[in-house]
Amino acid sequence: MIPIEHYVVLSALLFVIGGVGFLVRRNVLVALMSIEVMLNAANLAFVAYNRSHLARGVAHTYEGASHTGQVLAFFIIAAEAAEVAVGLAIVLAMYRLRRTVRSDEADLLRN
Amino acid sequence: MTLGTAYFYLCALLAVGGAVSVVAAKNPIRCAMGLLLLILSVAGLFLALRAQFLAAIQLIVYAGAIVVLFLFVIMLLGPAASTPSDRRGLAARVFGGGLFGLGGLASVTLVAQAARAAHRTIPMPAPDASFGGIEAFGSVLFSDALVPFEVSSGLLMVAVVGAIAVARGRQGSHSLSHGEQEVARAATPHEPLRPLHPGVFSHELPESETTERPA
Amino acid sequence: MLQLFPARDYALIAVILGMPLLGAFVNGVWGKRLGDRAVKLMALSAVGISFAASIVAFAALADVVRGEKDAHVKLSWTAWEWMHTTAGRTGTSIPVDVKFSIDQLSGVMMLIVTGVGFLIHLYATSYMEKDKGFARFFAYMNLFIFSMLVLILGDNLPVLFVGWEGVGLCSYLLIGFWFENGANAAAGKKAFIANRVGDFGLLCAMFLLAWYAGALDWNGIANGASSLVVPGDAARIHVWPLGGGQYTGALSFLQPGYFQSHHTPLLQSIMPAAAVTVSPATAVGLALLLGCTGKSAQIPLYVWLPDAMAGPTPVSALIHAATMVTAGVYLICRLSFVFVLSPFVMVTIAVVGVATALLAASIAVVQNDIKKVLAYSTVSQLGFMFLGVGVGAFVAGFFHVFTHAFFKACLFLGAGSVIHAMHARIHDDDAAQDIRNMGGLRRWLPLTHWTFAAATAAIIGLPLTSGFFSKDEILYRAYVDRTVNPLAGSTAVRGHGVYAPPEWIGHALYWAAVAAAAMTAFYMCRLYILTFWGSFRGWTVGRPSLLAREEVAHDGHGSDNLSTPGYPPHESPWQMTVPLIILAAFSVFAGALLNPGFVKVEKPMDHWLDPVFKAATEGAVIVREASEWTVGLGGIGAFLVGTLLAWWVYIEKKGAPAESAKASAPGLYKLVLEKWRVDELYDATIIAGVDSLAETSAAVDRGIVDGILARLTALLVAAAGTVLRAFQNGVVQVYAATMVVGLACLGWFFTVPHAKATVTDAGNDDYLVTAAPGVGYAYRWDADGDGKPDKPDFGTQGALKVHVPPGTTSLVTFEVKNAFGFVKAKKLTVTRPQAPVSSL
């Protein structure tokens, strides 16, 4: 069996890679994709912890094992999708306005 | 080395490779492909963690919708999607990225050390067969997690409307980017400006800049 | 009338003071709106009613004097309680009230001020007729009358000082009346500043009197005056070394006796051999003298008076002839009993007076501006008054004030009349006042001529005029008298020396005064002859045909045709001539008031004023025996010499000797014409010093405060802004990087263990040491101070009880380990102090 720590370390590693990518890359699309990477890493951590902690919390209706981590990851994916949609719409609007997708050229509040 | 271990390391390697590709590739298509690889790897890891339903959802929503959306936008932008790299703002970026990276790696190391020093291992329980299945998932979703479920549907509605509103924009208002301004300044009067590649926005360009209609 | 107002609460004083104040207020605030006629009426009635009330008050005072059998009486009135100041060596509380009193001395001054003031106001209504500052002028004049009355009627020094400053202010306002011309404004400033230097002296005197005499009103000072000469070193004021004490170390060469012990001959004679101290009376006297030299234009502060001629002529007549400049003499008379306590100060006053008289007379001999001659003449006559009071002849000095008011005012008003006539022909201000452009004016200005002649006769001391009596009295007393400190006897007995003036002082003062009187006669006759006799020399100056087409020679009293050359100057209207006549009459006949034996007056001036000066003149001794007639010959001789010389030079020889004298000593002539360059000397020394101080301050302000401090601050702020601006450049990744920095700091805070402990008293001589909690913290204690932990393992015990008896110290060490395995140690010293031993 793979101990849960391995999954958590992997998740941390992916998170760091995604974070560095967001901070360094100036292409907005790549920055958005880096955010995806970070969120995937978070999802991985949630699901890993869920696998190792099956006890339920205080208030519950479902009588089986706790699925909290997986459900949370599910909602993260949903919110993610919404975020990506809006984010890409913003990228398109910025491109239409500035003809660029570089983040350091969108630094003025004017126009 | 059991099969499970090998499977884990394979998925982990592919995931890290995909993430690095997302972060480091110049061509945005390569980035998107890297993202796809990552998502597939993570879906595989979900399977190893007995989250079958989630793995399927990951593949359908992430790989099937989000990455496709990225690809659409990249192709919509055309060559403009890839930006030339230069050294502007290198100090801030390197500082921020470096600090974050070092800090993250340091914290992971510390936590791992602390865990090892605690001399404890977390026992892995054995869940029953229906764990992670669609029935169990659905039961939780519609009982304990009902409120977030409904709220997220509202969220998705808002996102759709917002995306449409933002992406529609105003007709005909645009200004030149910095790079294009430099090009315009460098061009001598009797030399015509190098026209932009029409892309799909050619109907919004001023008439004088249009040189050829798309094929 | 006395039944109406009791002597203690003589409220008519309020009318005397209040009317000019009311006039000033009404004219000042609403003057422009009211129009010239109303302003005239208000101003004249204000001073007129004040004068009438003064006469009534004087009559009441005479009644009281008769009733009290010639004691020193006063009618007083308290307006309100002003303040209490705790001073005096005994720490007494000195009440200072706004209190006014009329006694024999101030009664006479009051009549002069209001009477002559009224005549000058009447004169000014015509002189200032066309001026656009008409209302402002009369407001200031009334304010001046009010201030002067406050000065002379004040019953204590603070109230007098209020009036003192008030007349200084009004002098400034009136000298600089035509302030659009910068020179006039500068003259006003000069007057005020020179006065201010004197006021410093007066303030010092007030402080000294409050300290030593313990009172500030006339009665109180008189009672406490003996403490000004308390013998013994403790009460004396140390002049050198300053403030007592000794000079040591690097400054020891300043110590008295240093050069004597080191046998340096030159410096030995200059530097003092023993500590120099003066009695408080001397200090007070010198300080008061400084104030009086400022107000009464003596050396060294006389320089403002000639410049003050920049003001209108009525101003010169009222302020700088009759009233304000006599305030200094009045103060000396008022505090006569203080001055006589210090013979040194008395001699100083006399010497200053006679020196000023000589200096001013010498300058007046060569001046060409009619008003400047009269100004220097005023300074010279004030010198005479100072001489009079300096030798102890207070009545004589004051009588000269009295007569001087009349003839000097008459002279100034006459000069104003002449200028008025000249100005109608010549528009240039300077040329209209130049006596070289005048001559033969007696043909066209008869009234002015006769009044001017009468006043001139009085000032040069024509026998039987008032000026003769007053001046002769002063000369006589300078020769024969010497005041002695009334308390000299008791002081000498206790072994402290009293200053005794040298024997020849009387001679020197007398002959110097005679020389000054001779010069006075000469220059006044010169002025009179050059102005009114001979032929008119101003025909070709500023002739209308030589002026621009637009300028028309104006008359102001009718439409005369002045386009033809040769139109002569004209006489002044009645408002100007009537005061002249009245003043001239007084100049001639006021001598009778001194009762020379020819005319019997019920109470001659010296008997009237004697009670006031009784305390001061008790100790007067006759030094030299001389008959009044023999000494008086000196005065008459001076008059004759001066007049005959002037007649010979200017009428017989038509000014030729003067011209040849001028040509033979051009350098000396120029020096005297430029008033001995005293102003230039002040400029080069004092003004230059103050200027360089100001320049230094300005340079410091510019360079250091502005250049360094202000710019440095701005630079720092700008630099901080430049740095901070980089964090807000709009690039999202920079913001994210900033967040990462914050995150890193937070991470550091949680990763590093923090070792803190609080110590509380747990009773029973125990202290409870509680370590601060944290996530995953484990502790290890060492309570016995041996350097080794009590238990080798880290435990979760977060608090430790330590037994610390009183007076002992305990060293506690504890180590903290957090979840990541980092350890931090902290040492604590726990002390319990000894319980305080109760002492009985």
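D103(C) and R334(C) are both buried, where buried means under 20% relative accessible area, exposed means over 50%, and partly exposed covers what falls in between (1.4 Å probe, protein chains only). Keep in mind that this is a predicted model, so local features need pLDDT of at least 70, side-chain atom pairs count only at pLDDT 80 or more, and totals for chains, interfaces and linings use all residues. Side-chain values use heavy atoms, with hydrogens and water left out, residues are numbered from 1 along each chain as its sequence is written, and chains are lettered from A in the order in which they are written.

D103(C) and R334(C) form a salt bridge, with 2.9 Å between the closest N and O atoms; the term means a side-chain nitrogen of Lys or Arg within 4 Å of a carboxyl oxygen of Asp or Glu. D103(C) sits in strand 2 (residues 92-103) of chain C and R334(C) in helix 13 (residues 327-334) of chain C, so the bridge ties together parts that are 231 residues apart in sequence. Helices (H or I, at least four residues) and strands (E, at least two) are DSSP runs, numbered from the N terminus.

Another pair to look up is R780(C) with E815(C), whose side chains meet in a salt bridge at 3.1 Å, N to O. Here strand 9 (residues 778-782) of chain C supplies R780(C) and strand 11 (residues 809-817) of chain C supplies E815(C), so the tie is between parts 35 residues apart in sequence. R780(C) is buried, at 18% relative accessible area.

Then there's K675(C), which pairs with D679(C) in a salt bridge with the closest N and O atoms 3.0 Å apart. K675(C) is partly exposed at 22%, while D679(C) counts as buried at 14%. Both belong to a network of salt bridges that also links K190(C) and D307(C). Over all chains, the structure holds 16 salt bridges.

What about chain B against chain C? The count of salt bridges between them is 0. The contact (heavy atoms within 4.5 Å) takes 8 residues from chain B and 9 residues from chain C. Together the two chains bury about 680 Å², 91% of it on carbon and sulfur atoms; buried area is the accessible area (1.4 Å probe) that two parts lose on being put together, summed over both. On the chain B side, L99(B), F100(B) and L110(B) lose the most area to chain C, together 53% of what that side buries.
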